[in-house]
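This report concerns helix packing and aromatic pairing in one structure. Please consult the sequence and coordinates shown here.

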Amino acid sequence: MKGLVICTITLSLAVPAPVLAVLDCSRAKSSVEKLLCSNPRLAEADERLALAFRGAIHRGADPKELMETQRIWIHDARDVCNDVGCLLNAYEERISDLDSR
């Protein structure tokens with residue numbers, strides 16, 4: 001059991017903070033980031049996404065693979081949105097994907 005706890009902590013620390021961190025609104029530059037920071041529903045979705053990401057890691061998903069798929073998701077799904085509905089949908093799909101890992 002002690003080994004499992006150490007392994008879990010090690011995996012959590014192995015993932016760079018920017019991938020797991022909820023968006024820092026003081027540094028929001030893009031229109032998508034500003035939209036995320038201006039809408040409470042989107043901010044909550046961003047927090048749930050971070051938790052889903054951590055959960056996938058704790059369930060044994062490969063951290064490097066998750067980071068790569070996260071980068072792709074940000075570029076190909078999140079950042080192509082320009083309204084709240086699109087972003088909420090993108091977040092829900094990514095959270096569902098992470099929850100299944």
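Are α4 and α6 roughly parallel or roughly antiparallel to each other? The model is predicted, with local features requiring pLDDT of at least 70 and side-chain atom pairs pLDDT 80 or more, while totals for chains, interfaces and linings use all residues. Residues are numbered from 1 along each chain as its sequence is written, and side-chain values use heavy atoms, without hydrogens and water.

**Helix packing.** Helix α4 (residues 40-58) packs against helix α6 (residues 84-99) at an angle of about 15 degrees, and their axes are 9 Å apart. The two helices are therefore roughly parallel to each other (angles under 35 degrees count as such). The crossing of α4 and α6 is left-handed. Contact (heavy atoms within 4.5 Å) involves, among others, Leu42, Leu49 and Phe53 of α4 and Leu88, Tyr91 and Ile95 of α6. The contact residues divide into 12 nonpolar, no polar and 6 charged.

**Aromatic pair.** The whole structure holds 1 aromatic pair, defined by ring centres within 6.5 Å. Trp73 and Tyr91 form this pair, which is edge-to-face (planes over 60 degrees apart), with 5.0 Å centre to centre and 85 degrees between the planes. The pair links distant parts of the chain, with Trp73 in helix α5 (residues 63-78) and Tyr91 in helix α6, 18 residues apart. Both partners are listed below; buried means under 20% relative accessible area (1.4 Å probe, protein chains only).

| Residue | Relative accessible area | Class |
|---|---|---|
| Trp73 | 10% | buried |
| Tyr91 | 0% | buried |

Notes: Axes are lines fitted to C-alpha atoms, for helices over the stretch in contact, and angles run from 0 to 180 degrees between N-to-C directions. Helices (H or I, at least four residues) and strands (E, at least two) are DSSP runs, numbered from the N terminus. Angles under 35 degrees count as roughly parallel, over 145 as roughly antiparallel, 65 to 115 as roughly perpendicular and the rest as oblique. A crossing is left-handed if the near helix is turned anticlockwise from the far one by less than a right angle, and right-handed if clockwise. Ala, Val, Leu, Ile, Met, Phe, Trp, Tyr, Cys and Pro count as nonpolar, Asp, Glu, Lys and Arg as charged, and the others, Gly among them, as polar. Rings of Phe, Tyr and Trp (its six-membered ring) pair if their centres lie within 6.5 Å; planes under 30 degrees apart count as stacked, over 60 as edge-to-face and the rest as tilted. Buried means under 20% relative accessible area, exposed over 50%, partly exposed in between (1.4 Å probe, protein chains only).
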